[in-house]
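This report walks through selected features of one chain, as they can be read from its coordinates. Please keep the sequence and the structure in view while reading.

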Amino acid sequence: MNVNDNRIDLVGRDEEIRIFREKLTSPDSSGCLFNVYGTGGVGKSSLLDVYRQLSEEAGAPFIMMDCRMLSDDPLDFCHQFLKLLGRSLFPEPGAPVHALMELCLQAIRETTEKSGKLVIALDTFEEAGELENWLRDHFFKRICHLHVILAIAGRVPLQGLWLVSPVWRGTIFRIRLSDLEYEPVCLYLARLGIRDEEKMRRIWLRTRGHPLTLALLTSTTLVKTLQETETGEMAETHDLLAFAVNIWLREAPAESLQEALEAAAVLRLFNQELLAYVLEKEVPTEQFNRLAALSFVQRGDRGWYVHDLLGTAIRDELRLRSPARFERLRNRCIAFYCHKIRASSRSRANAWENAEWVYYFGDQLLQSIFYHQQIEYGLEPLHSGNWTEAESYIENRRTNSKELRIPYPGYEQDEKVEYVISAKESLYGLRHLDLGELYELSPDIVKLVRDRSGEVRGLLAAVPIHEHTLRYLSDTPLSRSYFASLSEAEMNALRVPGDRKAGIFIKALDIDDFSDPVLLQLAGLLLIRHMFAADFSVASPPPHPFTNAVMLGLGLEIAMGAEHRDYDESRSAPIFVLDRRGDKLAAYLDRVLATLDIQVEADKQSLPNAQLLTAMEKRVAELVADGRSNQETAAALYVSEATVKKHLSHIYRKLGVRNRTVLAQQFLAVKDRK
């Protein structure tokens, strides 16, 4: 049975289906938005699939877009939307967003004139990121008066400006999906031919009505396995996915298929070509078709993907069982996207590929801190309705500041390392955050970070770089030291019209407790998502070895001569820059690959020994080769002296040298040959 089965098996959702059918057949459905939300595996995608079937039966075109397959760029959204509507004519490369949006609106009008209605569905909306604001305030706003039904599915309900906007207030139908009650589960099992009351009870105890685990457990193999288990205490529901993974792998006894499934789980999105590259061997069409036919493998607009919960379980199991194999597969994913990006023409149509590979990379620190589990959060622009909440958040942070300790795995086995941030340092991020000044500059700059319950857990301030913000950036703390150091030609390149952006400056990213692993991961995801949303990004986080290690791990460079003391008169803070504009993209890719010790096959023979070093190790080696002491090197890189010593030990081992004198000789010789 497929986890996304058709509506004859979608039990317990009668009311949700009735409401949609009623709107679909109503003469006027303009401005109608269905907000389907609930936890992972609860059946959101299955309900959207039912909506698709109902729409097609009614003769209404149905457009489905998975937000995991979209970048934050509105241009990418417009391209994908037009493609799904069957439009083959696109504007010239470089056309502004409003030109593509007009084409989308024209295509919508033509479609509704022929069919009467159009249904647009967006799944996994929690992954929309910054795109959500553009969709709400621009794209959806322009189509709300047309005969369009919107269906937005995600793990959290639409909040904030969705609810206070006069455009959407009163038009949102909230549909919360929860686990199925006992009677619908029995009905579902009866349709599958399972009518034994004791067996029904045992399955109910196993699943507690969770739709995905129910669908998995009721497959032939899993039911048979359940019959063979001893009666007695039932496993907890959260253990069932691990149980299901083991059983599903038994259903694919061929080692080659299991290998392909593991690779597919490591990938966010896969196709036959990508699987072959990651596995480093040919994937026969028959084997790929068998993989694609598995019930928890789904097809999207850009390829195939393993269902979220199953994919996470398989990845976690592989990471524990065979960490070396997991790292090899992950590194092959990075190398694949590196090749794709190098070969691209840097057109906007490739925005998704340029953003997708960020998901895979990260050094040991980033992987240990930021890539554990899916995080459910919402970003809400600052406005009059939430202004008091933002001020209260800042006041609470200042009142309840505390020392923070951030643990992470060390370089050696069983080694525990801990970053310590003082209570004073923990407030640095709020020191120059003026809500009124930033709101006046642009209402979209400051955003409240909400958790699944709707509580404010952080603030983000990201300033777009264009002609209207350059004066502010050149005159205010944190950014002025960098922008004042730019030449006139460099500044002119940033003076783009106000409806565009030449880049982004991260003014502040504050979370109420960085020692909380979940909130720390959330901060990391927000940083990555915003830094990589533009080809040119600048940030000056509070000066601390932890934040510096994160920035360097992401492949950012320190802007030489632009450090400042705006946080603390006694400490210099560096400016970090990510510049992927034009030809600089290739240099950035090389830098990240070096940081991760990844060598792309085509370049293996030409890489000197220095390429064995990470980006930070290279910086340490360069400074030591220049005659700097450990203390001077630590000060130049904004890290501790102990960190420099640790890097030196790794440098000695990788290059096969015994001391800093031999290191200087060998490193400089390699540098001269380059």
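Leucine 478 sits in the loop that runs between helix 21 (470-475) and helix 22 (480-483). The model is a predicted one, and in it leucine 478 has a positive phi of about 80°, although it is not a glycine. Most residues other than glycine have a negative phi. With a relative accessible area of 3%, leucine 478 is buried, because the cut-off for that class is under 20%.

Glutamate 280, which is not a glycine either, also has a positive phi, here of about 65°. This residue belongs to the loop between helix 13 (272-279) and helix 14 (285-292). Is glutamate 280 buried or exposed, or does it fall in between? Its relative accessible area is 43%, and glutamate 280 is therefore partly exposed, since that class lies between the 20% limit for buried and the 50% limit for exposed.

Five strands make up an open sheet, with parallel pairing and the order 2-3-4-1-5. The edges are taken by strand 2 (62-66) and strand 5 (172-176), each of which has a single partner strand, so that one side of each is left without a neighbour in the sheet. On average, and with direction ignored, neighbouring strands of this sheet are turned by 15° against each other.

Strand 2 and strand 3 run parallel and are joined by five bridges; within this pairing, isoleucine 63 stands opposite isoleucine 120 in strand 3. Helix 3 packs on the sheet, where it touches both strand 2 and strand 3, and the direction of helix 3 makes about 145° with that of strand 2.

Lysine 117 is placed in the loop between helix 4 (97-115) and strand 3 (118-123). With a relative accessible area of 10%, lysine 117 is buried. What lies 3.4 Å from a polar atom of the side chain of lysine 117? The backbone oxygen of leucine 24 is found at that distance, and the pair of atoms is a polar contact because the limit for such a contact is 3.5 Å.

## Aromatic pairs and one cluster

The structure holds 22 aromatic pairs. In one of them, the rings of phenylalanine 77 and phenylalanine 81 have their centres 6.1 Å apart and their planes at 15°, so this pair is stacked. Phenylalanine 77 and phenylalanine 81 are four residues apart in helix 3 (residues 74-84), and are therefore separated by about one helical turn. Both phenylalanine 77 and phenylalanine 81 are buried.

Phenylalanine 140 and tryptophan 162 form an aromatic pair that is tilted, with 6.4 Å from centre to centre and 50° between the planes. This pair links distant parts of the chain, given that phenylalanine 140 is in helix 5 (residues 131-143) and tryptophan 162 is in helix 6 (residues 161-164), 22 residues apart. Phenylalanine 140 is buried at a relative accessible area of 0%, and tryptophan 162 likewise counts as buried at 0% relative accessibility. The residues of the two pairs described here belong to one aromatic cluster, which is formed by Phe77, Phe81, Phe125, Trp134, Phe139, Phe140 and Trp162.

## Arginines over aromatic rings

Two further ring contacts involve arginine side chains. Arginine 332 lies over the face of tyrosine 277, at 4.0 Å from the ring centre, while arginine 581 lies over the face of phenylalanine 536, at 4.2 Å from the ring centre.

## The hairpin of strands 16 and 17

Strand 16 (residues 564-568) has four of its five residues buried, and is therefore largely enclosed by the rest of the structure. A hairpin joins strand 16 to strand 17 through two residues. The two strands run antiparallel, and two bridges join strand 16 to strand 17 (residues 571-573); the bridge partner of aspartate 568 is arginine 571 in strand 17.

## The chain as a whole

The chain contains 30 helices and 18 strands. Of its 674 residues, 57% count as buried. Among the contacts in the chain with a separation of 6 or more, 72% are accounted for by residues 24 or more positions apart.

Technical notes. Residues are numbered from 1 along each chain as its sequence is written. This is a predicted model: local features need pLDDT of at least 70, side-chain atom pairs count only at pLDDT 80 or more; totals for chains, interfaces and linings use all residues. Side-chain values use heavy atoms; hydrogens and water are left out. Buried means under 20% relative accessible area, exposed over 50%, partly exposed in between (1.4 Å probe, protein chains only). Two strands pair if DSSP finds at least two bridges between them. A polar contact is a pair of N or O atoms within 3.5 Å; within protein, one must be able to donate a hydrogen and the other to accept it, and residues adjacent in sequence count only if both atoms are side-chain atoms. Rings of Phe, Tyr and Trp (its six-membered ring) pair if their centres lie within 6.5 Å; planes under 30 degrees apart count as stacked, over 60 as edge-to-face and the rest as tilted. A charge sits over a ring if NZ of Lys or CZ of Arg is within 6 Å of the ring centre and within 35 degrees of the ring normal. Axes are lines fitted to C-alpha atoms, for helices over the stretch in contact, and angles run from 0 to 180 degrees between N-to-C directions. Contact means heavy atoms within 4.5 Å.
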